[in-house]
Amino acid sequence: MASQMSSAVDADLHRDRRRALLDALPTGSLVVMAAYSQKVRSKNIKYHFRQDNDFLYLTGFAEPDAYAVLYREDGDDTLILFCRPRDKDAEVSFGKRSGPQGAICDYGADDAFIIDEFEPKLLELLKGKTRIYVSDELNRLPNLWQLINRERFQTPFDVPKAYRQLSALASVLHPMRVIKSQAEIGLIRHAVNASIAGHKALMQAAAPGVNEGVLAATFMLEIAKHGCVDVGYPNIVAAGNNACCLHYEENCCTVNEGELILVDAGAEYGHYSADITRTFPATGRFTPAQRRIHNLVLAALDAAIARVRPGTRWNILYETCMEVMAKGLIELGLLQGSLDEVMKSESYKRFTVHKTGHWLGMDVHDVGPYQDGSGNWRALEPDMVFTIEPGIYIPADAMDVPSEYRGMGVRIEDDMLVTEDGCENLSAACPRSTDEIEAFMAGRITAG
């Protein structure tokens with residue numbers, strides 16, 4: 001069993017990230033970032049807090065209600081944090097606060113102040129800065145434009161005015177986050193391995209008569225044994241026709257005899273997420289129709305994985321999946337026409353309905369562009385991490401489809417790391433094929 005990850009912050013890691021960002025910004029830039037606020041669930045009960053990922057990526061500071069200012073001057077990089085003051089009573093009730101001193105000592109800030117000092121200090125820091133980059137996802141700085149221009153309206157008419165340009169930090173930072181460091185890859189790998197254990201435990205517990213919620217809880221218990229106390233997104237445990245809702249989260253139905261169970265679940269470790277989907281039969285044995293659809297989805301996934309290498313364009317993975325599934329659906333009689341006709345009309349989208357992958361990292365649908373500045377699909381590079389997740393969905397009300405196919409959704413999703421000469425399927429150890437799944441589930445304990 002892995003121990004819970006240390007809460008210590010790697011100040012050097014975050015300093016290196018800030019240096020790389022400032023290297024990419026023009027001279028005279030100032031970065032202003034707003035942390036998330038903690039949300040109230042009910043009265044004095046709060047939701048578990050999770051920091052804004054961009055803020056965390058650059059500062060490591062995990063507390064709510066904070067601001068950060070970052071700039072380079074005379075070759076020196078400076079981080080200033082504004083945070084909540086120490087408060088003995090509040091800390092007894094809701095946990096320790098760092099306060100300005102802790103922001104400096106524990107997080108490597110060059111200076112720190114209580115949050116009430118943010119506005120006057122920012123006005124001082126704006127002097128001489130012409131490009132302001134802002135990260136404020138929850139709109140905690142609605143008056144920033146007026147603030148950065150206040151000096152212009154308050155100076156005498158014969159004093160030079162500062163005309164500043166306001167830009168989104170994401171335009172520079174998010175492309176950088178697409179390429180993962182070895183430390184980030186290590187955290188993702190741990191999250192993936194914990195998720196594989198969770199999926200296996202869930203498969204072992206699955207049987208007709210078991211509630212989806214019990215299976216979701218089984219996943220949580222298993223990943224906790226690997227030091228993961230949270231997930232990157234709500235668990236999806238969807239039996240039968242529930243799987244035709246892509247982001248089904250209710251997890252409240254009893255699994256019926258003969259149904260497939262689609263499980264999309266990914267542990268989070270050190271703020272980095274896994275994202276794995278497997279689909280398997282409640283009884284442990286696929287029906288012939290279920291096997292055909294599952295094998296088709298897996299064939300599409302494996303065909304796309306075979307294309308993953310540096311230089312491959314992102315869109316190729318989706319196009320590969322669609323072509324394989326369209327051909328298979330024609331052969332099964334679920335689509336009519338030639339392959340060329342089906343691909344041109346995109347009639348396959350009736351059963352495929354979604355794209356087939358996304359970047360993976362601090363956000364499960366991680367940030368960063370899929371196209372370059374000219375609109376061309378981005379070429380894969382080493383140390384990119386992303387998912388491939390083809391799926392076929394045939395709802396129960398598709399009355400023109402043979403009954404043996406109705407009421408099932410099959411999605412299979414793996415987490416891919418691009419290497420120097422190809423790729424590594426990080427989640428390959430989670431049973432994937434129909435034969436592997438049946439063999440693995442043969443040893444499960446049937447629920448009484």
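What percentage of the 448 residues of the protein count as buried? The share is 50%, with buried meaning under 20% relative accessible area, exposed over 50% and partly exposed in between (1.4 Å probe, protein chains only). The model is predicted: local features need pLDDT of at least 70, side-chain atom pairs count only at pLDDT 80 or more, and totals for chains, interfaces and linings use all residues. Residues are numbered from 1 along each chain as its sequence is written, and side-chain values use heavy atoms, with hydrogens and water left out.

The protein contains 15 helices and 19 strands. These are DSSP runs numbered from the N terminus, helices being H or I of at least four residues and strands E of at least two. The C-alpha trace spans about 80 × 55 × 40 Å along its principal axes. Contacts (heavy atoms within 4.5 Å) were counted between residues at least 6 apart in sequence, and 70% of them join residues at least 24 apart.

Two packed helices are described by the angle between their axes and the distance between the axes. Axes are lines fitted to C-alpha atoms, for helices over the stretch in contact, and angles run from 0 to 180 degrees between N-to-C directions. H9 packs against helix H10 (residues 212-224) at about 140°, with the axes 8 Å apart. The two helices are therefore oblique to each other; angles under 35 degrees count as roughly parallel, over 145 as roughly antiparallel, 65 to 115 as roughly perpendicular and the rest as oblique. The crossing of H9 and H10 is right-handed, that is, the near helix is turned clockwise from the far one by less than a right angle. Residues of H9 in this contact include Ala 194, Gly 198 and Leu 202, and those of H10 include Leu 215, Phe 219 and Ile 223. By class, the contact of H9 with H10 has nine nonpolar, four polar and one charged residues. Here Ala, Val, Leu, Ile, Met, Phe, Trp, Tyr, Cys and Pro count as nonpolar, Asp, Glu, Lys and Arg as charged, and the others, Gly among them, as polar.

H9 also packs against helix H15 (residues 434-441), at about 65° and with the axes 9 Å apart. This crossing too is right-handed. Lys 200, Met 203 and Gln 204 in H9 meet Ile 437, Phe 440 and Met 441 in H15. The contact of H9 with H15 divides into four nonpolar, one polar and one charged residues.

An open sheet of three strands has the order S10-S11-S14 and antiparallel pairing. Strands S10 (236-239) and S14 (276-281) stand at the edges with a single partner strand each, so one side of each lacks a neighbour in the sheet. The twist averages 10° from one strand to the next. Strands pair if DSSP finds at least two bridges between them; S10 and S11 (residues 260-265) pair over four. Ala 239 stands opposite Ile 261 in S11. H9 lies across S10, S11 and S14, at about 15° to S14.

Strands S15 (residues 385-388) and S18 (residues 414-418) pair in the antiparallel sense over four bridges. Val 385 stands opposite Leu 417 in S18. Val 385 and Thr 387 point one way from S15, Phe 386 and Ile 388 the other way, and all are buried.

Pro 142 lies in the loop between strand S7 (131-135) and helix H6 (144-148). Its relative accessibility is 51%, so Pro 142 counts as exposed.
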